[in-house]
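This briefing is meant for a reader who is opening the structure for the first time. Please keep the sequence and the model in view while reading.

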Amino acid sequence: MSKPLRIAVIGAGVAGCLIVRGLQQLEVEIFCIEKGPEENLLAGTGLNVGPNALKILQQIDPELAAALQTAGTSLPWNSWKAGLTDGRVIFDLPLLQVADNPGIRIRWSQLYRQLRSHLTNVYYNTTVVEMGYTHSSAPLYLVVEDQVTGERHQFHEIDLILGCDGRYSQVRQTFIDTPQPAHLGTCIYRLLVPNTPQLIDDYQQWFHNGSRLLAFSIPGDEVYIAGSFPIAADLVIPEIAKSPDFLWQCYKPQQGYSQVCEFLVTAICENIEQIHWARIQEIPPAFGDARGHILCLGDSSHAMFPTLGQGATQAFEDGCFFVAQVRRYLAHQRNFSVPALVESFTATRRDRIKFVQQFSRDASDSLLAGSNPITELQAKTQNSFLEKLRRLYRDTPNCD
Ligand SMILES: Cc1cc2nc3c(=O)[nH]c(=O)nc-3n(C[C@H](O)[C@H](O)[C@H](O)COP(=O)(O)OP(=O)(O)OC[C@H]3O[C@@H](n4cnc5c(N)ncnc54)[C@H](O)[C@@H]3O)c2cc1C
C-alpha cells in the first residue's frame with residue numbers, strides 16, 4: 001500500500017477510544033466521529049471492568065492501564081460475594097483464584113475521561129449522514145454533520161470503517177444487518193447513591209427468588225446499585241413495578257432484610273425518580289461485511305447479557321486486540337489487505353465471543369422467574385463454573 005491506511009472509527013466509546021489511542025501515533029491515518037459531547041452522558045452511573053480487560057490493556061496500553069488503576073480513579077475489584085437478601089452468603093470468591101489480576105470498579109465519567117484524554121482527530125457532536133462504498137481502490141466515503149454548526153463534511157478514500165457505535169449501530173445496519181435482540185425476560189435498573197453508612201465495599205450480589213440486588217462502592221464514597229427482577233413473557237415492564245411498594249416486596253425474604261439489603265432497597269426507593277428502566281437483551285454477533293472493509297467491535301458486534309459484567313470488558317478486548325493486530329501487520333507486512341485484516345480479526349474473536357455470550361447467558365439462570373438461588377449459586381462454587389471463569393478472565397486474545 002503506497003499511502004497510509006485510512007481508518008474511520010464511528011463512536012468514541014470504549015472500543016473506539018482504545019483504537020484511536022492505540023493507532024494515532026502509527027503510520028495510519030485515523031479519525032473518529034462521535035455523536036455525543038466530549039463529556040459523556042452516562043456519567044451518572046458506575047461499572048465493573050473485568051480482570052480480562054485489565055490484562056489485555058496492560059499489554060497494549062500500559063500507561064492507560066496504570067492511569068485507570070490509580071487511587072481516586074477506580075477501586076480494585078478483588079472479590080465476588082453472592083448470597084440471599086436475608087444475609088446468608090453462598091459464595092465468596094477471591095478473584096485471584098480465577099484471574100491473573102483484579103478488575104476495577106469505576107464511574108463511567110472517570111472511565112471516559114481517561115479513555116478520551118490525549119485523543120486527537122475526534123469530531124465530537126458530529127453525526128454520520130451517509131456512508132457507503134465507491135469504486136476506487138480505497139473504497140469508502142463518509143458524510144458527516146456537525147450538530148453545533150450544521151456544517152457537513154465529506155471524507156473520501158477510506159480503507160476501513162470501524163463500527164464502534166454501540167448496541168444500535170448505524171454502521172452495522174448500513175453494511176451488515178439489523179440485529180434482532182434476544183431478551184432474557186428481566187428488567188434491570190442502575191443508580192448511584194452515597195455510601196452512608198459505609199456498608200458496601202467490593203462487588204456483591206443478593207438474591208430473592210429471581211430478583212437480584214448488586215452493589216459495590218466506587219471512588220467518591222458512592223455506591224453503584226444494579227437491581228433486577230423478572231418480567232412477564234410480553235416483556236413489558238409494568239408501571240406498578242416502578243414503585244417503591246413493588247420494589248420493597250420484590251426482594252423481601254420471609255425472615256426480613258439483612259441490614260445491607262435494607263439499606264440498598266431503601267436507597268432504591270428513595271431515588272426512584274432517577275432510575276432508567278431497561279430490559280436485559282443480547283444480539284447475535286456480526287463482525288465484518290461481505291466486502292471486507294467494515295468491521296464492527298464492542299456492542300455493535302455482540303451486545304450481551306450484563307450478568308458477568310462483560311459488555312465493556314469485551315469492548316476492551318476487541319479494541320486492544322484490533323490495535324495489536326494492526327501493529328503486527330504494519331511491522332511485518334507493509335502491503336497488507338484490509339479484507340485479510342478483517343477476516344483474521346473475526347477468526348480470532350468469533351469463538352471467544354461465542355463463549356462469553358453463552359457463559360453470560362448460562363450465568364443468568366438466577367435472574368429468571370422460578371429460579372432457586374441457593375441451588376444456582378452453589379453450582380457456581382463448583383469446578384465446572386470456576387474453570388469457565390478462569391477461561392473468561394485469563395484466556396484473553398494473544399497480542400504478541
Ligand atoms: C448503565 C450501564 C451499566 C453497564 N455496566 C457494565 C459493567 O458493569 N461492566 C461491563 O463490562 N459493561 C457494562 N455495561 C455495558 C457496556 O456499557 C457496553 O457493553 C460498552 O459500553 C460497549 O462499548 P462500545 O465501545 O461497544 O460502545 P459504547 O460504549 O456504547 O460506545 C458507543 C459510542 O458510539 C457513539 N455513537 C453511537 N452511534 C453513533 C453514530 N451513529 N455516530 C457517531 N457516534 C455514535 C455513542 O455516543 C457512544 O459514545 C453497562 C451498560 C450500561 C448502559
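This is a predicted model: local features need pLDDT of at least 70, side-chain atom pairs count only at pLDDT 80 or more; totals for chains, interfaces and linings use all residues.

Residues are numbered from 1 along each chain as its sequence is written, and side-chain values use heavy atoms, with hydrogens and water left out.

**The ligand and its surroundings**

- The ligand is surrounded by 30 residues, and the closest of them are Glu34, Asn48, Gln170, Asp299 and Gly309; a residue is near the ligand if one of its heavy atoms lies within 4 Å of it.
- Polar contacts are pairs of N or O atoms within 3.5 Å; for pairs within protein, one atom must be able to donate a hydrogen and the other to accept it, and residues adjacent in sequence count only if both atoms are side-chain atoms.
- In the side chain of Gln170, an N or O atom is 2.7 Å from a nitrogen atom of the ligand, whereas a polar backbone atom of Asp299 is 2.7 Å from an oxygen atom of the ligand.
- Gly311 also takes part through its backbone, where an N or O atom lies 3.2 Å from an oxygen atom of the ligand.
- Of the 990 Å² of accessible area that the ligand has on its own, the protein covers 85%; accessible areas come from the Shrake-Rupley method with a 1.4 Å probe, and for residues only the protein chains shown count as cover.
- Two or more residues of the shell around the ligand come from each of helix H1 (14–23), strand S3 (46–49), helix H4 (108–116) and helix H9 (311–332), and H9 gives the most, with four residues.
- Helices (H or I, at least four residues) and strands (E, at least two) are DSSP runs, numbered from the N terminus.
- Sorted by class, the shell around the ligand holds 13 nonpolar, 11 polar and six charged residues, where Ala, Val, Leu, Ile, Met, Phe, Trp, Tyr, Cys and Pro count as nonpolar, Asp, Glu, Lys and Arg as charged, and the others, Gly among them, as polar.

**Aromatic rings**

- Rings of Phe, Tyr and Trp (its six-membered ring) pair if their centres lie within 6.5 Å, and planes under 30 degrees apart count as stacked, over 60 as edge-to-face and the rest as tilted; by this rule there are 20 aromatic pairs.
- One of these pairs, Trp77 with Tyr203, is tilted, at 4.9 Å centre to centre and 40° between the planes.
- This pair links distant parts of the chain, 126 residues apart, with Trp77 in strand S4 (residues 74–77) and Tyr203 in the loop between strand S13 (182–194) and strand S14 (204–208).
- Trp77 is buried, with a relative accessible area of 1%, and Tyr203 is buried with 3%; buried means under 20% relative accessible area, exposed over 50%, and partly exposed in between (1.4 Å probe, protein chains only).
- Trp77 also pairs with Tyr393, and this pair is edge-to-face because the ring centres are 6.4 Å apart and the planes stand at 80°.
- Tyr393 lies in helix H12 (residues 383–394), 316 residues apart from Trp77, and both residues are buried.
- Ring pairs link a cluster whose members include Trp77, Trp80, Tyr203, Phe355 and Tyr393.
- A charge sits over a ring if NZ of Lys or CZ of Arg is within 6 Å of the ring centre and within 35 degrees of the ring normal; Arg391 has its charged end over the ring of Phe355, 3.8 Å from the centre, and Arg291 lies over the face of Tyr133, at 3.8 Å from the ring centre.

**An enclosed helix**

- Helix H2 (residues 51–60) is largely enclosed by the rest of the structure, because seven of its 10 residues are buried.
- The buried residues in H2 are Pro51, Asn52, Ala53, Leu54, Ile56, Leu57 and Ile60.

**Backbone details**

- The peptide bond from Thr196 to Pro197 is cis, with omega near -10°, and Pro197 lies in the loop between S13 and S14.
- His118, which is not a glycine, has a positive phi of about 65°; His118 lies in the loop between H4 and strand S8 (122–123) and is exposed, with a relative accessible area of 66%.
- Asn125 has a positive phi near 50°, is found in the loop between S8 and strand S9 (126–133), and is partly exposed, with a relative accessible area of 25%.
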